Amino acid sequence: MKSAKKAAAFILVLALLCGGAAAFTACGDVVPVSITAECSTAVYTEGEFFDRAGTTVTAEYSDGSFRTVAGWTVTEEPLVTGTEYVTVSYTERGVTVTANVDVTVNAVQHVHDFSSSSWEHDSENHWKECSCGEKSETSAHEWSAKTEIIEEIDCNKAGSQRVTCEVCGYSELQTVAAPGHDWSAYEYNDTQHWQICRRCGAEGEKRSHSPELVVSGLKTDYLDGEAVTADGASAQLYCDECGFSSPVSTEDLVLPQEALTLDDDSSTLTLTYGEYTYEFTVTVSEREVQSVTVKDGIKTEYAIGEQYDGEGVLVLHYDGAPDREIALTEDMLRGFDTSVPGSVSVSAVYSGKIAQYTIYVGRDADSGAFRLGEAGAVYKVQAENDIYVDMSKAELQQGTATEKFENLAKDSTGATYPNGAEGYSTANISVAGNEISIKFFSDYAGNLRLGMRSQSGSYNGLSDHIL
């Protein structure tokens with residue numbers, strides 16, 4: 001097809017073919033000196049011919065005149081891609097003039113045609129091919145399910161077969177590898193296991209079991225002091241390769257014999273059965289503490305202002321488990337106070353349980369006497385101050401030497417009333433063997449003054465006696 005038309009004007013070059021201008025003048029003839037061509041079509045497709053009908057040729061003559069001429073010629077051949085111009089020729093009175101007409105010739109746009117092509121193939125694919133070499137519908141061979149067996153195979157021997165593509169008809173000989181045995185699940189007896197090929201029935205190598213000791217349902221959570229037990233558990237020798245198992249009596253298992261402690265928590269223990277072992281991890285929890293006591297030997301003698309020495313031991317008592325000892329730390333103590341002299345009841349608290357013991361602050365360890373305070377201080381020492389007064393050898397009106405009570409007096413009518421004296425009271429200080437001990441010591445000897453007062457229910461008591 002012709003492309004869009006475009007007018008173009010071209011200058012023709014004069015070619016004189018009969019002896020030059022001087023000859024024409026001598027002849028007295030008017031001849032053409034050049035031609036121009038106007039073309040309506042300048043773009044073509046390869047294979048088309050130059051458009052003569054759309055071309056007008058004008059000649060210029062030697063006398064300066066112009067006129068449209070006919071009878072011009074052009075090469076009558078199909079145009080090819082790459083042509084840049086065509087040559088137009090005009091001859092009159094023996095003179096020929098030419099002009100080159102610029103044109104553009106495009107290649108023909110190819111349309112693939114695969115309809116008439118048979119299938120092409122190689123060993124892997126097939127395809128359709130255009131005359132230009134373009135390929136279409138390329139895909140792998142689709143082998144037919146029907147094959148021609150050339151050489152049979154068995155489990156250990158390769159064979160061969162011919163296969164054909166259902167699409168293109170290509171066929172080839174293929175080697176079929178030996179598939180090997182198709183082993184079944186293990187067969188076994190008490191000592192060995194083996195497999196049988198499902199394909200050919202061959203029996204595989206017989207091998208001895210490699211069993212492991214497996215224990216199920218074993219208790220792993222224990223309390224402090226309990227021993228490991230296999231009660232409720234089951235055990236077996238199990239071959240993981242074939243699945244063979246043989247039961248084992250838990251009575252034949254050798255268990256760790258020692259009672260577990262909190263130190264065994266999260267540890268790995270081992271059961272044994274002959275040459276076989278089984279490892280398991282235990283959790284050990286503390287029992288409920290039933291009671292606590294402070295171990296003998298704890299420090300009880302403290303100087304005034306002295307701190308807890310931290311060397312005490314607290315004994316924990318359980319129901320059904322051995323006692324356990326732990327360090328008695330200061331944060332467990334309640335009532336520990338060494339700021340004033342005297343006996344102090346201290347409580348050791350652990351897990352809600354309490355143990356009490358007594359410390360003595362400012363007491364002389366040899367004499368048992370308690371230290372008095374600073375120089376110049378005045379102290380009233382009465383029977384109720386039992387850290388300084390020992391009434392254990394005195395006969396009392398009532399109670400015991402370790403029991404305080406509110407002392408009573410009688411009025412003129414014989415009625416009793418509290419006399420305000422709380423403490424200990426003797427029946428008769430003159431009774432033979434009655435003894436009241438006052439025990440104290442001081443670092444300030446020579447600065448002490450000791451007074452004593454006695455009182456009788458008959459109001460005949462002696463006044464203070466200064467010693």
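The side chains of Arg67 and Glu92 come together in a salt bridge, with 3.2 Å from N to O. A salt bridge here is a side-chain nitrogen of Lys or Arg within 4 Å of a carboxyl oxygen of Asp or Glu. Arg67 belongs to strand β5 (residues 66-69) and Glu92 to strand β7 (residues 85-92), so this pair ties together parts that are 25 residues apart in sequence. Helices (H or I, at least four residues) and strands (E, at least two) are DSSP runs, numbered from the N terminus.

How accessible are these partners? Arg67 is partly exposed at 40% relative accessibility, while Glu92 is buried at 16%. For these labels, buried means under 20% relative accessible area, exposed means over 50%, and partly exposed is in between (1.4 Å probe, protein chains only).

## How to read the model

Please keep in mind that this is a predicted model, in which local features need pLDDT of at least 70, side-chain atom pairs count only at pLDDT 80 or more, and totals for chains, interfaces and linings use all residues. Residues are numbered from 1 along each chain as its sequence is written, and side-chain values use heavy atoms, with hydrogens and water left out.

Side chains of opposite charge can pair when their charged atoms come close. How many salt bridges does a search of the whole structure find? The search finds 13.

One of them joins the side chains of Arg207 and Glu241, at 2.4 Å from N to O. Arg207 sits in strand β18 (residues 207-208) and Glu241 in the loop between β21 (234-239) and β22 (245-248), so the pair ties together parts that are 34 residues apart in sequence. Both residues carry the partly exposed label, Arg207 at 28% relative accessibility and Glu241 at 38%.

Arg324 and Glu286 also meet through their side chains in a salt bridge, at 2.9 Å from N to O. This pair links distant parts of the chain, 38 residues apart: Arg324 is in strand β29 (residues 324-327), and Glu286 is in the loop between β25 (283-285) and β26 (291-294). Arg324 is partly exposed at 21% relative accessibility, and Glu286 is partly exposed at 32%. Together with Asp224, Glu286 and Arg324 are linked in a network of salt bridges.

## Aromatic pairs

The structure holds 6 aromatic pairs. Rings of Phe, Tyr and Trp (its six-membered ring) pair if their centres lie within 6.5 Å; planes under 30 degrees apart count as stacked, over 60 as edge-to-face, and the rest as tilted. Among these pairs, Tyr188 and Phe244 have ring centres 5.7 Å apart and planes at 70°, so the pair is edge-to-face. Tyr188 lies in strand β16 (residues 187-188) and Phe244 in the loop between β21 and β22, so the pair ties together parts that are 56 residues apart in sequence. Tyr188 is partly exposed, with a relative accessible area of 41%, whereas Phe244 is buried at 12%.

Why does the pair of Tyr308 and Phe336 count as edge-to-face? The ring centres of Tyr308 and Phe336 are 5.8 Å apart and the planes stand at 75°, so the pair is edge-to-face. Tyr308 is in the loop between β27 (301-302) and β28 (313-317), and Phe336 is in the loop between β30 (333-334) and β31 (342-350), so the pair ties together parts that are 28 residues apart in sequence. Tyr308 counts as buried at 9% relative accessibility, and Phe336 as partly exposed at 21%. Tyr302, Tyr308 and Phe336 form one aromatic cluster.

## Charges over rings

Lys206 has its charged end over the ring of Trp194, 4.5 Å from the ring centre. Arg363 lies over the face of Tyr360, at 3.6 Å from the ring centre. The rule asks for NZ of Lys or CZ of Arg within 6 Å of the ring centre and within 35 degrees of the ring normal.

## Cysteines

A disulfide is a pair of cysteine sulfur atoms within 2.5 Å, and by this rule the count comes to 0 disulfides. Cys130 is in no disulfide, and its nearest cysteine sulfur, in Cys132, is 3.7 Å away. Cys130 is buried, at 4% relative accessibility.

For Cys155, the closest cysteine sulfur is in Cys200, 3.7 Å away and too far for a bond. Cys155 is buried, with a relative accessible area of 4%.
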